Structures are given as structure tokens and as C-alpha cells.
Amino acid sequence: MGTDTYDVVVIGAGPVGENVADRVVRGGLSAAVVERELVGGECSYWACMPTKALLRSAAALRAARQVPGAREAVTGHLDAAAVLGRRDHFASRWKDDGQVAWLDSAGIALHRGQGRIVSANVVEVTGDGGVPVTLTARHAVVIATGSGALLPDIPGLREAAPWTSREAAAASKVPGRLAIIGGGVVASEMATAFAALGSSVRMLARDGVLSRAEPFAGERVTESLRAAGVSVRLGAQATSVRRDESGTVRITMTDGEQVEADEVLVAVGRTPNTQDIGLGAVGLTPGAWLTVDDTLRVLGDDGAPIGDGWLYAAGDVNRRALLTHQGKYQARAVGDVIVARAKGEAVEEGRWGRHVATADGRAVPQVVFTDPEIASVGLTAAAAEAAGTRIRVVDYDLGAVAGSALHADGYQGHARMVVDEDREVVVGFTLAGPDVAELLHAATIAIAGEVPLDRLWHAVPAYPTVSEVWLRLLEAYGR
């Protein structure tokens with residue numbers, strides 16, 4: 001059995017774990033990451049990068065067809081094989097050589113294998129050879145193991161070998177018929193992607209489409225999916241799933257109807273990857289989400305940090321915001337606060353302080369790469385009201401902006417601004433429309449910076465751009 005000592009040991013070498021280790025090393029401490037799969041994690045190989053590569057080609061084709069002159073130049077159809085090939089490139093063909101090389105260049109040690117906490121500040125790593133290596137952390141252990149797809153307890157589902165987000169992102173061929181159980185982000189994006197690639201898609205959305213977004217977002221995506229030939233069944237619930245000898249999947253619904261498909265994708269939520277990382281050794285429940293304080297230290301059942309505060313959790317495992325960019329934001333805070341505590345420096349743990357992740361509750365941006373794109377940040381109107389905020393909702397037709405008309409003929413979209421009436425600041429912003437993703441950061445800055453509406457009036461949008469919607473919203477509000 002080998003032994004090594006570092007200032008910080010990070011379990012999980014996805015984007016979050018990599019960023020924690022990088023901040024720690026930049027701060028003058030030593031760090032090691034432990035990874036049981038591919039360095040780079042879910043986002044690099046089975047989520048953000050490959051799925052957006054699957055979606056981008058069809059989006060570009062749609063955009064060209066909406067502009068005269070470009071439309072006439074489009075003579076063919078989407079080349080599915082080329083799309084999958086481009087996806088393979090962005091997933092690095094499921095090899096992590098480049099990510100490993102980056103770790104080495106950053107001065108971060110890599111230990112491959114299953115990492116388990118065995119006692120305070122101690123992680124045991126078991127690799128393919130079966131010989132464990134013990135890693136001791138002088139200052140902190142960080143759990144950054146992410147989340148995996150949740151499989152609901154539907155009779156026969158597991159035996160039917162369903163796709164999860166991983167299989168959909170890495171599919172080697174386009175199924176003729178694809179059934180999707182779920183109506184959230186993964187379900188909506190993959191319905192968009194595979195319909196464009198030629199699949200006959202049936203979407204079984206028990207709780208609706210994008211139900212956590214502003215209602216108009218889900219309505220517009222549902223309408224667009226149906227226009228693209230996707231069968232969207234709202235309120236549909238599966239009672240059993242069976243794959244027969246021919247490979248056909250048969251899904252029985254509560255009303256007795258049976259849906260047949262070549263593959264079934266299950267996209268109904270996530271579960272934390274904490275089942276086999278030694279949580280029991282520190283009094284926590286294996287397989288559970290982790291609760292953290294404002295500086296992302298893991299809390300025990302008594303609400304106090306584990307031990308003397310040596311254990312941290314960043315990214316999906318703490319369930320604050322299950323998004324890669326938000327996990328990386330947490331990673332920066334974690335890495336910096338560990339360095340500060342190790343060096344005896346002041347910890348900035350007040351609201352919006354350097355060592356806390358305040359934005360997790362107030363300014364979380366997200367883009368859903370459907371047709372239309374949905375870009376949102378902060379609170380929906382319903383969430384703001386539920387939080388007790390006195391709000392005013394301002395809506396505007398995004399297609400009525402001059403920049404939108406230039407962007408595409410027949411541009412259709414919608415913008416919503418949610419204003420805290422007592423403070424007169426924006427607390428929520430949602431856009432639905434073609435290519436609205438790149439408009440989102442302005443709203444994120446407005447919300448994170450708590451910029452008063454009177455000051456936003458002086459942020460003049462360039463003409464003619466789609467960003468002019470900010471002016472129109474302020475005018476509609478009465479500024």
C-alpha cells in the first residue's frame with residue numbers, strides 16, 4: 001500500500017474538481033485529484049460539449065433557412081453522420097489524454113481509481129490493480145463527484161436497457177424511433193436533436209415541458225417540437241416498460257396505450273454520485289445529497305461542519321445548482337477559501353463575498369438549446385412571488401425589436417423581466433427565441449450586480465441589435 005500527502009485532495013476530476021485543484025495550486029498549495037473514469041468528467045464526454053455539438057448543426061441550418069439569400073444556398077439536408085463525427089471530436093473521442101496533460105502542466109497530481117474517505121483528511125484510492133493508495137490531506141478533502149441519471153422505479157425499465165443522458169450524448173447511430181420519458185432540459189434538447197437527425201420522436205412529459213421555466217418558455221418549445229414532427233404528450237405517465245426479443249421497446253401508459261420505440265431515453269432527474277465514496281466513515285449517508293454551509297463546507301446532521309471543517313463539497317453533489325458553470329463558480333470559491341484558511345487569511349463569507357457562492361440562490365444563468373433557445377437567469381415570476389417579493393412582470397415581443405427582424409425573417413420570441421418593486425432591481429429575466437443564448441450575460445450582470453433600473457436606463461443598447469429589447473422593457477416598465 002502506497003501513501004502520499006498533499007495539502008488538498010479532490011475526489012472527482014470533472015470540471016468542478018479540476019477547477020478546485022487549479023485554484024488551490026495557484027494559491028500556493030499542493031493538490032491531487034482522484035478520478036475513477038475520464039478526467040474531464042460528465043460535461044466533457046456525456047453532457048455539455050457533445051450534446052451541444054449534436055444540436056449546433058441543425059440550429060445553423062435553421063438559421064440559414066430563415067434568411068433570404070442564405071436560404072437559397074441551402075440545397076441539402078442535415079448529414080447525420082457528419083453531425084455525429086463532429087460530436088465525437090468535441091467529446092475527444094472519449095479519451096482524456098488532453099485533460100491529463102493539462103493536469104500535469106498545472107502541477108496537479110492524478111490518482112486513477114475509486115476514492116473513498118476512510119477517516120478525517122484521509123482518502124483511500126483503489127485502482128484497476130486493486131492495490132490501494134492512501135492520500136492524506138493536510139488542509140481539506142473536496143467531494144466533486146457530480147451526479148448521474150435518475151432511473152425511476154417503473155416495472156421493467158432497468159431490464160429494458162434504457163438510454164440515459166450518457167447513451168444519448170454518445171449514440172453511434174440515430175434510432176428510427178426514439179421515446180423520451182421526461183420533459184426537462186435533457187429531454188427537450190435531445191428531442192430537438194434527434195428529431196433533426198431523422199428520428200421519429202415521442203416525448204412523454206408527465207410534468208410538462210420545461211416546467212421549471214416561465215410558462216411561455218415551455219409553451220413555445222412544445223409548439224416548436226410538434227412543428228418538427230415530435231409527438232409531445234403532456235401528462236403522460238409510463239406504468240411499465242418491456243424490450244422484446246426483436247429489440248423493440250414497448251412502453252405501457254396509465255391509459256393503457258402502448259408506445260413502441262427502438263430506444264427509450266429516460267430523462268427525469270439526477271441522483272448524487274455519493275454511493276461509494278466513504279460517507280459512512282464520517283457519519284453521512286451513502287448515496288445522499290450533501291448539505292453545505294455558505295463556504296461549501298459539508299455539514300453533518302447537527303448542522304455543524306464535519307470535524308474541524310476539513311470536508312467540502314462543490315458542484316452537483318451539494319444540489320445547490322446542477323449546472324457545470326455554477327459548479328465551476330463554486331469551485332473557485334472553494335479553492336480560494338481553502339487557501340485563505342490554510343494561510344490564516346481573512347475569509348470573506350458575507351453576501352457576495354469572494355469565498356461564498358451567493359449567486360447559487362440569486363443569479364443562476366441557464367440556456368436550454370432547443371428551438372427556440374431558452375435563456376434565463378434569476379427567479380421566475382412564480383418563484384419570486386413564492387419568496388415573498390413584491391414584483392412586477394414586464395413582457396415584450398422579442399420579434400418586434402429591429403435587430404430581431406434583421407436576424408431572421410419571421411423572427412418569433414419573447415422577453416420577460418421580473419422586477420423587485422421595493423428595491424427597483426431586476427431579479428429574474430427570461431428570453432425565448434433564436435440565438436438568445438448570447439444575450440443572457442447582460443441580464444446576469446444586472447441581477448448579480450443588483451443594478452438599479454434608473455442606472456440600467458444609461459446602459460444604451462447598440463442599434464440595430466436584439467439587445468435593444470432592454471430599452472423596450474425599461475420603456476414598458478415606465479423608465
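Modeller: This is a predicted model, in which local features need pLDDT of at least 70 and side-chain atom pairs count only at pLDDT 80 or more, while totals for chains, interfaces and linings use all residues. Residues are numbered from 1 along each chain as its sequence is written, and side-chain values use heavy atoms, with hydrogens and water left out.

Colleague: In which helix is Glu18 found?

Modeller: Helices (H or I, at least four residues) and strands (E, at least two) are DSSP runs, numbered from the N terminus. On that basis, residues 15-26 form the helix that holds Glu18, namely H1.

Colleague: How far from Glu18 is the nearest side chain of opposite charge?

Modeller: Lys and Arg count as positive and Asp and Glu as negative, with His and the chain ends not counted. A salt bridge requires a side-chain nitrogen of Lys or Arg within 4 Å of a carboxyl oxygen of Asp or Glu. Glu18 is buried (under 20% relative accessible area, with exposed meaning over 50% and partly exposed in between, for a 1.4 Å probe and protein chains only). It has no salt bridge, and the nearest side chain of opposite charge, Lys328, lies at 7.4 Å.

Colleague: How far apart are the end C-alpha atoms of helix H9?

Modeller: The expected span of a helix is 1.5 Å times one less than its number of residues. The 13 residues of H9 (residues 215-227) should therefore span 18 Å, and this agrees with the separation of the end C-alpha atoms, 19 Å.

Colleague: Which residue with positive phi follows H9?

Modeller: Within H9, the buried residues are Phe216, Ala217, Gly218, Val221, Thr222, Ser224 and Leu225. After the helix comes a residue with phi near 95°, Gly229.

Colleague: What is the radius of gyration of the protein?

Modeller: The radius is taken over C-alpha atoms, and the globule rule is 2.2 Å times the number of residues to the power 0.38. For 479 residues, a compact globule would have a value near 23 Å, which agrees with the protein's 24 Å.
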